[in-house]
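Reader: I would like to go through this model with you and ask what stands behind the terms you use. Could we start with the words and then turn to the residues?

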Amino acid sequence: MLADTTTLSALIASHDAVDYLVTAKGLIDGIVADATAMSYIGLNNYCANTLLSDATWCEAIANSTYKESVLNVKVPTMTSSTTPSGEVVESGHYSTNAGWYAFDNNGNDFWSGAEYAENSWVGYHFTSNVKIYVCILSKYRRPTSIKVDSSNDGTSWNAISESTATGVTSDTTVSTPITIICSPSTAQGYVRLYCVSTYNHYEPNIYTVQFYGREDV
């Protein structure tokens, strides 16, 4: 059992930490708090793959400040549906609230699902296949449940998260972030946020969403 992060850092420096980091699940807090350890995990595919397949580890990484060291692929800050890279995809939108507004990292802009549609979705087509492990939704309105799907063709979708109920039953904007931990089986090129809205048939509004994943595990 490691006594402290100094010992952990020494193991990393001597390249002896792989098995220890993989099997010592009781040391989540210490490893997450150690930037060197998180960087090491991010560079080691076997270690990252093993940790991310465990829901407890995945959640700890997702909620840490080092998640970008481990989950090294994410949707860029979009300024249009195809800029700067990849492509935003959607089932449709209301008025001028196009899908890319959900990925522009602006808390005031939002994608609005198709008018009066009970089920709407917005997503992203990566330039390479990616395993999505985390979806972070920071601001939203009207969806009664949300889930994350992936696809290799943008047509046939597979659920990679459980449906996450938001509890929204009115027109109130919710600013409490949701972190959805996903369980991908394969790397695929498309990912989407699927929203069910049963509140008087109003379209869901998604202000800011980010998908994090890896293409090398």
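Predicted model: local features only at pLDDT ≥ 70, side-chain atom pairs only at ≥ 80, totals over all residues.

Author: Gladly. Contact here means heavy atoms within 4.5 Å.

Reader: Which residues does leucine 193 touch, not counting residues up to four places away in sequence?

Author: Beyond those sequence neighbours, leucine 193 touches Ser120, Trp121, Val122, Cys135, Leu137, Ile146, Lys147, Val148, Ile206, Val209 and Phe211.

Reader: What makes Leu193 stand out in the largest nonpolar core?

Author: That core has 30 residues, and Leu193 is among those that touch the most other members, together with Phe103, Val148, Ile206, Val209 and Phe211. Two or more residues each come from S4, strand S5 (145–151), S9, strand S10 (188–196) and strand S11 (205–214). The largest share, eight residues, is from S4. Another core, of 25 residues, lies apart from this one and includes Val32, Cys47, Tyr133 and Tyr212.

Reader: Why is valine 32 called buried?

Author: Its relative accessible area is 15%, and buried means under 20%. Valine 32 is therefore buried. This residue lies in helix H3 (residues 28–32), and touches Met38, Ala60, Ser64 and Tyr66 when residues up to four places away in sequence are left out. The C-alpha atom of valine 32 is also 9.0 Å from that of lysine 67, although the two are 35 residues apart along the chain.

Reader: And what makes asparagine 97 buried?

Author: Asparagine 97 has a relative accessible area of 18%, and the cut-off is under 20%, so asparagine 97 counts as buried. Asparagine 97 sits in the loop between S2 and strand S3 (111–112). Leaving out residues up to four places away in sequence, asparagine 97 touches Phe110, Trp111 and Ser112.

Reader: How do you know that strands S4 and S9 pair?

Author: Pairing takes at least two bridges. Strand S4 (residues 119–141) and S9 have four, in the antiparallel sense, so by that definition they pair. Strand S9 (residues 178–181) has a covered face with Ile178 and Ile180, while Thr179 and Ile181 are on the uncovered one.

Reader: Where is confidence lowest, and where is it highest?

Author: In the protein chain, helix H2 (residues 18–23) is lowest, at a mean pLDDT of 68, and strand S2 (residues 87–90) is highest, at 98. The chain averages 86, with 90% of the residues scoring at least 70.

How values were computed:
Residues numbered from 1 in each chain as written. Heavy atoms only, no water. Buried < 20%, exposed > 50% of the residue type's maximum accessible area, 1.4 Å probe, protein only. pLDDT = per-residue confidence, 0-100. Core = buried A, V, L, I, M, F, W, Y, C linked by side-chain atoms within 4.5 Å.
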